[in-house]
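Here is a short report for a reader meeting this structure for the first time. Look at the sequence and the model, then read on.

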Amino acid sequence: MNNLHTIYWASSSHWDREWHRPFEGFRCRLLDMIDRAINHVENVPGYGYFFFDGQSIILQDYLEIRPKQRAHLKNLLKREKFFAGPFYVLQDEMIEDGEFLIRNLQKGISIAKSYGSKRFVGYTPDSFGHCAQLPQILKLAGIDSVIFGRAFFGTQQ
């Protein structure tokens, strides 16, 4: 029996815009995270790319404080060293209205494209479950791949 598997490592953030701290407290952490991610994708040999937790609002929040990084960030998105979106904000598919999910996706894609993103992965690893229509919604948005978990769940034999 062949037990070989191909595993793809997707380097990513998990970022809550506001949760147990106010927005500005989390934004301070966001600035450090993105600055370090920029350093890694540019200076660490073999470091491929970085996903921004499926959100595009991260770009706006970062650039409000670091506006001089706009061209640099756009370049990294165009070169697919960074991936933002496809959603505007982190979604909880099980409690929001279906229309909100679609509008969240539309706005996220639009904003990410305005910063240079060309293609998207249905990045939804922090959901508390997935709605049954998610594959159809992503397909209609032109998204043909998905990352839906945060860890490797193997089996023991």
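## Helices α1 and α2

Are α1 and α2 roughly parallel or roughly perpendicular to each other? This is a predicted model, so the answer rests on computed values. Helix α1 covers residues 23–43. Its axis and that of α2 come within 10 Å and cross at roughly 90°. Angles of 65 to 115 degrees count as roughly perpendicular. The two helices, α1 and α2, are therefore roughly perpendicular to each other.

The contact draws on both helices. From α1 come Phe23, Arg27, Leu30, Leu31, Ile34, Asp35 and Ile38. They meet Ile58, Asp61, Tyr62, Glu64 and Ile65 in α2. By class, this contact of α1 with α2 has eight nonpolar residues, four charged ones and no polar ones.

## Helices α2 and α3

Next comes the pairing of α2 with α3. Helix α2 spans residues 57–65, and helix α3 spans residues 70–78. They pack at an angle of about 155°, with their axes 10 Å apart. Angles over 145 degrees count as roughly antiparallel. So α2 and α3 are roughly antiparallel to each other. The crossing of α2 past α3 is right-handed.

Which residues of α2 meet α3? They are Leu59, Tyr62 and Leu63. Their partners in α3 are Arg70, Leu73 and Leu77. The contact of α2 with α3 divides into five nonpolar residues, one charged residue and no polar residues. Tyr62 of α2 also belongs to the contact with α1.

## Two backbone features in loops

Where is Asp53 found? Asp53 sits in the loop between β1 (50–51) and α2. Its phi is positive, about 55°, although Asp53 is not a glycine.

The other feature is a cis peptide bond. It joins Gly85 and Pro86, with omega about 20°. Pro86 has its place in the loop between β2 (82–83) and α4 (98–114).

## The second largest pocket

What is the volume of the second largest pocket? It is about 270 Å³. The pocket is lined by 16 residues. Nearest its centre lie Phe51, Phe83, Arg119, Val121 and Ser145. The lining divides into 11 nonpolar, two polar and three charged residues.

Terms used. Residues numbered from 1 in each chain as written. Predicted model: local features only at pLDDT ≥ 70, side-chain atom pairs only at ≥ 80, totals over all residues. Heavy atoms only, no water. Axes fitted to C-alpha atoms, helices over the stretch in contact; angles between N-to-C directions. Helix = DSSP H or I, 4+ residues; strand = E, 2+ residues; numbered from the N terminus. Parallel < 35°, antiparallel > 145°, perpendicular 65-115°, else oblique. Left-handed = near helix turned anticlockwise from the far one by under 90°. Contact = heavy atoms within 4.5 Å. Nonpolar A, V, L, I, M, F, W, Y, C, P; charged D, E, K, R; others polar. 1 Å grid on protein atoms, 1.4 Å probe; cavity = no way out; pocket = protein on both sides within 12 Å on 5 of 7 lines; lining within 4 Å. Points joined across faces, edges and corners; volume = space filled by probe spheres on them.
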